[in-house]
Amino acid sequence: MTDTATTGTASTTVTEADREAAVEALMTDGIIGRKGAFSREFIQQMAEDVDAAFAEARSRENGAVGRGPNRWYVEIHPQALRGFTELVDHPWVRAVSEAVLGPDYRIVEVGFDIPFAGAVNQPWHRDFPMPVETRDEHRLTSLAFNLTMVDTEEDMGPFEIALGTQWDRGEEFDHEMFPPKSFYGRYEERAVRKYPQMGDISARSALTIHRGTINHSQKARPVLVLGMDGPEGNNAEHHDLAVTKDFWESLPQRVRDHLGCPIVDELTPITQKHTIEGLVMGAAD
């Protein structure tokens, strides 16, 4: 079975082999990428919207949350992105979400992370405590898709991930999220740095131990974040997505089927709730 579409950004075909490869990678390494999923022109448009949303968020109290020195996270409403539909309706995004989380997956988070010049090594961490379904049944209940807004270079503080650590139970971790420094050797042995280019997208389990690294450059490295939950996932509790009626009515039905957020008359700017204290505190070493 194949799924082929032209998303308005790039034409792509997703085969059953692609689905199987994604599931295998997410169950072993904890991360999988898709090269050239979108055109550079599409990413440039998204980057403009990210820049505008960041400026708006920083203009008000608690619009952006620190994730370490010179590093910020901002959650946004879907319609802040002109390319939202193309992103969530991309055949690979749909296929991976369905294959890992099931047909009833839900879109629960849209946001972006920006490490600027001077961002430092984050502590190794996962984004939330391990759910009981993962611990006891060896199942993933959520996925995070990342879409870079720039071509990632070595000096820009690339994302680093310790492959296979999504299954670490984390009972010794601070807040079940931050492993003790005595564990760092294990993560450094498994660590892989990622250098995605504009148009590439990745999917990962946010339980896989990871960190942002030092940004030695004078350039920002914005990355869009799309969060998906399976039926048992509870990450929506940490997010405040909403859409207006006009926007909702403009969406294809197969996008509406996975977007369970409130439909409102007027959007309220999001006050960030998903603060990760261990990241706000600063450097890892």
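**Entry 1: a buried ring**

I started at Phe112, which lies in strand E6. Helices (H or I, at least four residues) and strands (E, at least two) are DSSP runs, numbered from the N terminus. This is a predicted model, so I kept its rules at hand: local features need pLDDT of at least 70, side-chain atom pairs count only at pLDDT 80 or more, and totals for chains, interfaces and linings use all residues. Residues are numbered from 1 along each chain as its sequence is written, and side-chain values use heavy atoms, with hydrogens and water left out.

Is Phe112 buried or exposed? I found Phe112 buried, with a relative accessible area of 0%. Here buried means under 20% relative accessible area, exposed over 50%, and partly exposed in between (1.4 Å probe, protein chains only). I also checked the C-alpha distance from Phe112 to Met149: 9.7 Å, for two residues 37 apart along the chain.

**Entry 2: ring pairs**

The pairing rule takes rings of Phe, Tyr and Trp (its six-membered ring) with centres within 6.5 Å; planes under 30 degrees apart count as stacked, over 60 as edge-to-face and the rest as tilted. By this rule I have 7 aromatic pairs in my notes.

I looked at Phe54 and Phe116 in detail: their ring centres are 5.4 Å apart and their planes sit at 40°, so I filed the pair as tilted. This pair links distant parts of the chain, 62 residues apart: Phe54 is in helix H2 (residues 40-58), while Phe116 is in the loop between strand E6 (106-115) and helix H5 (132-137). Phe54 counts as buried at 15% relative accessibility, whereas Phe116 is partly exposed at 27%.

Next I took Phe173 and Phe183, whose ring centres are 6.1 Å apart with planes at 75°, so this pair is edge-to-face. Both residues lie in the loop between strand E8 (159-162) and helix H6 (184-190), so the pair ties together parts that are 10 residues apart in sequence. Phe173 is buried at 6% relative accessible area, and Phe183 is partly exposed at 26%.

**Entry 3: charges over rings**

I count a charge as over a ring if NZ of Lys or CZ of Arg is within 6 Å of the ring centre and within 35 degrees of the ring normal. Arg58 lies over the face of Trp72, at 3.9 Å from the ring centre. Arg67 has its charged end over the ring of Tyr73, 4.6 Å from the centre.

**Entry 4: the largest pocket**

On a 1 Å grid over the protein atoms alone, a pocket is an open set of points with protein on both sides within 12 Å along at least five of seven lines, a cavity is a set where a 1.4 Å probe fits but cannot get out, and lining residues have an atom within 4 Å of a point. Grid points are joined across faces, edges and corners, and a volume is the space filled by probe spheres set on the points.

The largest pocket has a volume of about 800 Å³. I noted 48 lining residues, with Asn146, Phe159, Arg204, Val223 and Val225 the closest to the centre. Which strand gives the most to this lining? E7 does, with 6 residues. The lining divides into 19 nonpolar, 15 polar and 14 charged residues. In this scheme Ala, Val, Leu, Ile, Met, Phe, Trp, Tyr, Cys and Pro are nonpolar, Asp, Glu, Lys and Arg charged, and the others, Gly among them, polar.

I found 1 cavity of 30 Å³ or more. The largest cavity has a volume of about 40 Å³, and among its lining residues are Arg94, Tyr105, Met228 and His258.

Arg94 turned up again in the list of buried residues of H4. Helix H4 (residues 91-101) is mostly covered, with 9 of its 11 residues buried. Just after H4, I noted that Gly102 takes a positive phi of about 95°.

**Entry 5: the whole chain**

Last, I zoomed out: the protein has 9 helices and 14 strands, and 55% of its 285 residues count as buried. Its C-alpha trace spans about 50 × 45 × 35 Å along the principal axes.
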